[in-house]
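Hello,

The structure you asked about is below, and my notes on it follow.

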Amino acid sequence: MASKLKSTKELMVFLGKSMIAFLESMIFIIVPRPRKNVAGEIVLITGSGSGLGRFLALRFARLGSVLVLWDINKEGNEDTCRMVREAGATRVYAYTCDCSQKENIYRVAEQVKKEVGDVSILINNAGIVTGKSFLDCPDELIEKAFDVNFKAHLWTYKSFLPAMIANKHGHLVCISSLAGLTGVNKLADYCASKFAAFGFAESICIETIAQKLKGIKTTIVCPCFIKTGMFEGCSTAQPFLLPALEPEYVADKIVDAILQEKTYLNLPKIISFLMFLKRLHLAQEQYC
């Protein structure tokens, strides 16, 4: 009897919290969420030497953040460093880091802690793509895709999350992909690595909630293909529904989601509806 009462109570609490979350989301459709101030926050962006990472750095520079830029391309990263200084950043630190190498990540992370301080916003953006059929993709490229697109997230979290927990203040940002939600032709390794990145970020988010860790926020971003060098020439089967996105637009939306402390950001928004249809179709297939 006691166990039944406990289960009923837990169910009612769950339903109550779900209703509150639903009502809150409905309110924020009409009333914009309050945006936090990130001036003075130490923001680390991986893959900052070009593309989306560079545009994110420029956005945070204008918001007064302290920028820590990581990229394997030293020249490109130095160009980003110069651009963000011109955009108004007063404290910018550029580091050459190979995000496919665990020990390199740990070494550079220690440098950052000593030279800059505790990272409060971590943006795992670095990524690579092979664009080959699975059987045509060399083993070393598959391994590198996992090292950069997924495993680097493990090592950066290990490096910077403890200080966030100690300070009761931090924001973890995972740049996943539409390819982290559904399979894509000739992107088997990329999809697998992005599925892993999404699942890891979501799991750590759940851990922080379950352990009642205060002040730790998570944002998981799943954009369609972005018009950067990585996806040059790529298109979707329905470009009118899922167009290739401009990196400036994606950067604006990501920064806004971080400022509003949104947990999920799908770009374009129709991805959320398409994923619902996908799950519905799979459920129907099970009973056919």
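**Notes on the model**

Ala 188 lies in helix H6 (residues 188-210); helices (H or I, at least four residues) and strands (E, at least two) are DSSP runs, numbered from the N terminus. This is a predicted model, where local features need pLDDT of at least 70, side-chain atom pairs count only at pLDDT 80 or more, and totals for chains, interfaces and linings use all residues. Residues are numbered from 1 along each chain as its sequence is written, and side-chain values use heavy atoms, with hydrogens and water left out.

Ala 188 counts as partly exposed because its relative accessibility is 39% (buried is under 20% relative accessible area, exposed over 50%, partly exposed in between; 1.4 Å probe, protein chains only). Its C-alpha atom is separated by 6.0 Å from that of Phe 134, 54 residues apart along the chain.

The sheet is open and has seven strands, in the order E3-E2-E1-E4-E5-E6-E7, with parallel pairing (two strands pair if DSSP finds at least two bridges between them). Strands E3 (92-96) and E7 (264-267) are at the edges with a single partner strand each, so one side of each has no neighbour in the sheet. From one strand to the next, the twist averages 15 degrees (axes are lines fitted to C-alpha atoms, for helices over the stretch in contact, and angles run from 0 to 180 degrees between N-to-C directions).

Within the sheet, E1 (residues 42-46) and E2 (residues 66-71) pair in the parallel sense over five bridges. Leu 44 stands opposite Val 68 in E2.

Regards
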